[in-house]
Amino acid sequence: MSRSEPAKPKKAKTKPESGALKGWRQIATFLGLPISAVQRWARSGMPVTREGRRVRASPEELNRWLGKEAAEPVQIATETTDLSSELKRGLSYVRKQRQGQKKKRVA
């Protein structure tokens, strides 16, 4: 390319929704599960969007779905998650579960 030729403009890429998880591997990594388990959960109603052979999911939608499916609300840790408050919440839940088990044994 000579100096007199203008540079070709780059094609604008369409930006996907920010933070979207693309593909089974990214979704599985986010959830901390094997890909086969994530695919099984998707067949049973986990919110994923299929685009032909590709899939994508929103971390926010996955967190909401996990909270509905579990007896205890679930939050997947992200870079912005306050881990200390999540740890306190989790420990409180475990303590309540243990107290309930002790009462059942006594009765």
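## Contact between α1 and α2

Trp24, Arg25, Ile27, Ala28 and Leu31 of α1 meet Ile35, Val38, Gln39 and Ala42 of α2, contact being defined as heavy atoms within 4.5 Å. The model is predicted, so local features need pLDDT of at least 70 and side-chain atom pairs count only at pLDDT 80 or more, whereas totals for chains, interfaces and linings use all residues. Residues are numbered from 1 along each chain as its sequence is written, and side-chain values use heavy atoms, with hydrogens and water left out.

The axes of α1 and α2 lie 9 Å apart and the two helices pack at an angle of about 95 degrees; axes are lines fitted to C-alpha atoms, for helices over the stretch in contact, and angles run from 0 to 180 degrees between N-to-C directions. The pair is therefore roughly perpendicular, a label that covers 65 to 115 degrees.

## Chain overview

The protein chain contains four helices and three strands, in the order β-α-α-β-β-α-α along the sequence. Helices (H or I, at least four residues) and strands (E, at least two) are DSSP runs, numbered from the N terminus.

Of its 107 residues, 21% count as buried, that is, under 20% relative accessible area with a 1.4 Å probe, protein chains only. The accessible surface of the chain is about 9,200 Å², and carbon and sulfur atoms hold 52% of that area, as computed by the Shrake-Rupley method with a 1.4 Å probe. Among contacts with a separation of 6 or more, 40% join residues 24 or more positions apart.

## The largest nonpolar core

The largest nonpolar core has 15 residues. Such a core is a set of buried Ala, Val, Leu, Ile, Met, Phe, Trp, Tyr and Cys residues joined through side-chain atoms within 4.5 Å. Ile27, Leu31, Val38, Met46, Val48 and Leu62 have the most contacts inside this core. Two or more of its residues come from each of α1 (23-31), α2 (35-43), β3 (54-57) and α3 (59-69), and α1 gives the largest share, five residues.

Leaving aside neighbours within four places in sequence, Met46 is in contact with Ile27, Leu31, Val38, Trp41, Leu62 and Trp65.

## The buried side of α2

Ala37, Val38 and Ala42 are buried in α2. These residues are on the same side of α2 because they cover an arc of only 140 degrees around the axis, the arc being that of the directions from the helix axis to the C-beta atoms. The buried residues of α2 pack against α1 and β2 (49-51). Gly45 follows α2 and has a positive phi, near 120 degrees.

Technical notes: Buried < 20%, exposed > 50% of the residue type's maximum accessible area, 1.4 Å probe, protein only. Parallel < 35°, antiparallel > 145°, perpendicular 65-115°, else oblique.
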